[in-house]
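Thank you all for coming. Please have a look at the protein on the screen before I walk you through how it is put together.

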Amino acid sequence: MVNQNLNPSPDESHRIATTDDIEVSTYLEIAKGQSGAQPSAADKAIPSARREAIIVLDFGSQYNLLIARRVRETQVYCELVPHDTPWEKIAPLNPKGFILSGGPSSVYDKNAPLAPAYVYEKGLPVLGICYGMQAITQQLGGKVSPGTRKEYGHAMLHISEQDCPLFQGLPEATPVWMSHGDRIEEFPPGFSALAYTENSPYAVIGNGKNIFGLQFHPEVVHTAEGKTIIKNFVHNICGCHSSWTMANYINESIANIKKQVGGGKIINALSGGVDSSVVATLIYKAVGDQLTCIFVNNGVLRKDEAERTLKVFKNNLGMKVVYVDAVDRFLGRLKGITDPEQKRKIIGEEFIRVFEDEAKKIGKVDFLGQGTLYPDVIESVSSVSTVSAKIKSHHNVGGLPERMTLKLLEPLRFLFKDEVRLLGKELGLPEEMVWRQPFPGPGLAIRCIGEVTREKLEILRNADAVLMEEIKKADMYRRLWQSFVVLTDVRSVGVMGDFRTYSHMAAVRAVTSEDAMTADWARLPYDLLARISNRIVNEVPGINRVVYDITSKPPSTIEWE
Ligand code: XMP
């Protein structure tokens, strides 16, 4: 199965699993060790009442978020909602069709979750995926029973009804990804098989009108034509138009921000990460100088990071940015500290203090801009979303808005990460900002093993800059989840020219990952590793040995501390 363990083990729960920004609340959370409140529902309303939507009813499959992403990739808005959501909540979304997701239950079990009656009564098209297909079968009068052979993994789908609009553009045979134990024994009245695999005579079923069921998962990449099938359902069968584009989103979002904010003042913590950058730019386009961004230099940023960020936002975009040089404050408090958790706590606490001090200077402020994303806010039943919800409360909202009596402004709460990047591009942000690799809130402090000193930070910064340059030159930057240098506390003997050296050992870490929950070490080409090592040792005084970290996560973590 494409199964990844999404549950962080308890001993790594202090780590922030999805952030790539120095979020205010991340700091607060770490600082206070407290769980955050749920985000305000103030801007929960869908921005456009006329927008067409496909509704995914969530029966708990781990792939459910993927279904919503795939639908949106066809430029149609999609929401994932709990399977028992009442019609009153669905109607305002302007639904054009339903997708019933997969899930871990069996429809013949007592208390098995089923689709609400409106799914079949409104006359809108319905696509059931795996469990969703069995729910359709059971609810419309067919019969589902435990299969004698469970089917997991690849299978070859053969299409028997080539004229069906669901199959437009598909070859007669195509690989699909199966993951099911139950099977259909009797069709509901009016249904027939449209395609089969070796083990599933009813791999696709339909009622000849607008209700379909798929035994396989079209949303996963292993189903080669999955995207086409979803696109066919959404466009050919539901009749949706391609209206979900980031250009449209910008216009709607700007109008919404103006309405929500009125003449109010907004502050935003800028980090240079993609989420906070996009939030700031969007709010700025809507209300200009009502927004003040605060950029805190905490002394554990990478080389030129502060200058680069200020250049884009202050000089190029003309935003009001308050730059706070708090390097001495942070490094003073980190003096003598070697425990990583202590480092996190100190950086978190100090950030909040600095941020509050600066915010007070601005005078009365009404809103805090924040880069909350869609996976953080959905209320759903699947393991993925439950985990997301936990991460959300962990990293995105802390007590700051309450302490400062600020309302939250979260213009990205309808978007997936990849949509945020597209939005950033559409807003004209530089490529390097839009595609920036994640950078942890506590920054270089947790990559500088042992005590954090100015001297060690300088060495680490220079080594990291060399690595980044080589990774970018080799065109690897976007293919890697993260790539960075760790300055270990180990010193070893070396020889340079005629001199004996006794200097730091640096470790290079480069990983591939989908979501930071699991990661694999990147198989970087040997000659690239050789160039990185050569250059670091030759160009960075203080380092005389470079090693490459070849452990995956688990059992290791991505960061060393
Ligand atoms: P680990 O090291 O737990 O990291 O495998 C997973 C992802 O989270 C980032 N990370 C952090 N981000 N504050 C953050 O904002 C933190 O304390 C923190 N610790 C780890 C890490 O860079 C990786 O992307």
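How many helices and strands are there in the protein? There are 18 helices and 18 strands, where helices (H or I, at least four residues) and strands (E, at least two) are DSSP runs numbered from the N terminus. Please keep in mind that this is a predicted model, in which local features need pLDDT of at least 70 and side-chain atom pairs count only at pLDDT 80 or more, while totals for chains, interfaces and linings use all residues. Residues are numbered from 1 along each chain as its sequence is written, and side-chain values use heavy atoms, with hydrogens and water left out.

Let me begin with the sheet. Nine strands form an open sheet with mixed pairing, in the order β2-β1-β3-β4-β9-β8-β7-β5-β6, and two strands pair if DSSP finds at least two bridges between them. At the edges are β2 (77-82) and β6 (173-186), each of which pairs on one side only. Further in, strand β1 (residues 53-58) pairs with strand β3 (residues 95-100) in the parallel sense over five bridges, and Val-56 has Ile-99 in β3 as its bridge partner.

Next come two helices. The axes of helix α7 (residues 246-261) and α8 come within 9 Å and cross at roughly 65°; here axes are lines fitted to C-alpha atoms, for helices over the stretch in contact, and angles run from 0 to 180 degrees between N-to-C directions. Angles under 35 degrees count as roughly parallel, over 145 as roughly antiparallel, 65 to 115 as roughly perpendicular and the rest as oblique, and α7 and α8 are therefore roughly perpendicular to each other. The contact, meaning heavy atoms within 4.5 Å, involves residues including Ile-250 and Ile-254 of α7 and Leu-282 and Ile-283 of α8.

Finally, the interior. Buried residues make up 60% of the 561 residues in the protein, where buried means under 20% relative accessible area, exposed over 50% and partly exposed in between (1.4 Å probe, protein chains only). A nonpolar core is a set of buried Ala, Val, Leu, Ile, Met, Phe, Trp, Tyr and Cys residues joined through side-chain atoms within 4.5 Å. Of the 66 residues in the largest such core, Leu-100, Val-119, Leu-412 and Leu-423 touch the most other members, and helix α8 (residues 274-287) gives the most to this core, with eight residues. Apart from it lies another core of 54 residues, among them Val-324 and Leu-524.
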